[in-house]
Amino acid sequence: MKILLLGKNGQVGWELQRALAPLGELVALDRSEGADLANPEVLRATVRAVAPQVIVNAAAYTAVDKAETEQDLALQINAHAPGLLAEEAKSLGAVLVHYSSDYVFDGSGDTPRDEAAATGPLSVYGRSKLQGEEAIRASGCQHLILRTSWVYAARGGNFAKTMLRLAAEREQLKVIADQIGAPTGADLLADLTAHMLPAVLAKPEISGTYHAVASGETSWHAYAQYVIEFARAYAGGGQALRVAPDQVQDIPTRDYPTPAQRPLNSRLSTAKLQAAFGLHLPHWQQGVARMLMEIL
């Protein structure tokens with residue numbers, strides 16, 4: 001089996017290189033190697049030259065606030081390019097794996113949404129991700145769309161690293177407490193992909209859209225408190241921190257305005273994924289703790 005991985009140097013793409021390698025011949029590319037989602041002609045030529053049985057698209061436009069002023073680019077990368085990949089996958093008889101977001105929902109309510117819930121994105125980024133999903137489904141290609149939330153990795157920047165840096169610089173932190181979701185590791189997404197892909201190849205009827213997040217839920221405020229508490233307790237990792245967990249002040253989203261509106265409720269139900277693939281998804285704290293042990 002030949003697998004084409006696009007976006008190999010992103011957080012999810014980096015982990016996918018490890019997770020997908022045992023499954024077959026892996027051709028992993030970044031933007032400079034023909035995986036430029038902003039360039040349709042180059043992208044199409046790359047797919048046709050590789051002629052894979054599986055296309056895994058881990059590339060995306062992820063600058064949520066910047067997308068408000070770069071709408072055309074966000075739509076090209078997150079909506080039009082996935083549609084092109086779906087067309088090519090359909091032509092090749094290949095499976096397309098694509099990653100989407102909790103931002104396709106409006107964030108209302110306080111219960112987890114399942115895959116059939118009504119969408120209603122609040123931002124350009126959210127709309128671009130939803131349009132990408134719709135283009136893939138409309139193509140008729142066999143596909144896996146994994147909606148996820150609050151993705152982090154030990155490699156590169158992430159929320160935890162930012163909180164630790166600020167906790168070392170400041171006397172107090174203010175963090176949003178009314179946005180609720182599940183921090184989800186890039187390594188978990190990669191491992192899920194590697195587990196789900198062979199099952200989908202064997203049983204095409206289980207193709208489709210799935211929610212893929214760690215279990216449990218938290219707020220950004222409680223997430224920050226957990227990170228600081230862990231760092232202070234772990235092998236002296238908190239020695240330089242000036243802020244204690246109880247010195248993290250909770251604030252509402254309205255007190256931290258951003259160009260793009262964020263969903264308040266990012267809870268996603270993973271019941272469909274767990275039932276279809278026989279998987280148990282770990283609690284978000286397990287993955288965050290493992291990441292923190294890597295960076296501290």
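**Working chat on a predicted model**

User: Is Ala51 buried, exposed or partly exposed, and why does it count that way?
Analyst: Ala51 counts as partly exposed because its relative accessibility is 33%, and that value falls between the 20% under which a residue is buried and the 50% over which it is exposed. Please keep in mind throughout that this is a predicted model.

User: Where is Ala51 found, and what is its phi?
Analyst: Ala51 sits in the loop between helix H2 (40-50) and S3, and its phi is positive, at about 50 degrees, although the residue is not a glycine.

User: What about Trp150, what is its phi near, and in which loop does it lie?
Analyst: Trp150 is likewise a residue other than glycine with a positive phi, the value being near 50 degrees, and it lies in the loop that runs between S5 and strand S6 (151-152).

User: Buried or exposed, and why?
Analyst: Trp150 counts as buried, because its relative accessibility is 10%, and the cut-off for buried is under 20%.

User: Which aromatic residues form one cluster with Trp150?
Analyst: The cluster consists of Trp150, Phe159, Trp220, Tyr223, Tyr226, Phe230, Tyr234 and Trp284. A search of the whole structure finds 10 aromatic pairs. One of these joins Phe159 and Tyr223, with 4.8 Å from centre to centre and 35 degrees between the planes, which makes the pair tilted.

User: Where in the chain are those two residues, and are they buried or exposed?
Analyst: Phe159 belongs to helix H5 (residues 159-169) and Tyr223 to helix H7 (residues 220-233), so that the pair, 64 residues apart, links distant parts of the chain. Phe159 and Tyr223 are both buried.

User: And how do Tyr223 and Trp284 pair?
Analyst: Tyr223 and Trp284 form an edge-to-face pair, with their centres 5.7 Å apart and their planes at 70 degrees. This pair also links distant parts of the chain, since Tyr223 is in helix H7 and Trp284 is in helix H9 (residues 284-295), 61 residues apart. Tyr223 and Trp284 are both buried.

User: Switching to charges over rings, which residue lies over the face of Trp14, and which over Tyr210?
Analyst: Arg155 lies over the face of Trp14, at 3.8 Å from the ring centre, while Lys272 takes that position over Tyr210, at 4.5 Å from the ring centre.

User: Now the sheet: what is the strand order, and which are the edge strands?
Analyst: It is an open sheet of 6 strands with parallel pairing, in the order S2-S1-S3-S4-S5-S10. Strand S2 (25-29) and strand S10 (208-211) are the edge strands, each pairing on one side only. Direction ignored, neighbouring strands of the sheet are turned against each other by 20 degrees on average.

User: How many bridges join S1 to S2?
Analyst: There are 5 bridges between strand S1 (residues 2-6) and S2, and the two run parallel. Leu5 has Ala28 in S2 as its bridge partner.

User: What about S4 and S5, how many bridges there?
Analyst: S4 and S5 run parallel and are joined by 7 bridges, and Tyr99 stands opposite Leu146 in S5. From S4 the chain crosses through H4 to S5, a β-α-β crossover that is right-handed. S5 is mostly covered, with 6 of its 7 residues buried, and 4 bridges join S5 in parallel to S10. Gly208 in S10 is the bridge partner of Leu144.

User: Which strands do helix H3 and helix H4 lie across?
Analyst: Helix H3 (residues 71-92) lies across S1, strand S3 (54-57) and strand S4 (95-101), at about 160 degrees to S4. Helix H4 (residues 124-139) lies across S4, strand S5 (142-148) and S10, at about 155 degrees to S4.

User: Last one, Ala67: where is it found, and what does it touch?
Analyst: Ala67 is found in the loop between S3 and H3. Leaving aside residues up to four places away in sequence, Ala67 touches Tyr61, Ala74, Val124 and Tyr125.

How values were computed: Residues numbered from 1 in each chain as written. Predicted model: local features only at pLDDT ≥ 70, side-chain atom pairs only at ≥ 80, totals over all residues. Heavy atoms only, no water. Phe/Tyr/Trp six-rings, centres within 6.5 Å; stacked < 30°, edge-to-face > 60°. Buried < 20%, exposed > 50% of the residue type's maximum accessible area, 1.4 Å probe, protein only. Lys NZ or Arg CZ within 6 Å of the ring centre and 35° of its normal. Pairing = 2+ DSSP bridges. Axes fitted to C-alpha atoms, helices over the stretch in contact; angles between N-to-C directions. Contact = heavy atoms within 4.5 Å. Right-handed = clockwise from strand over helix to strand, strands pointing away.
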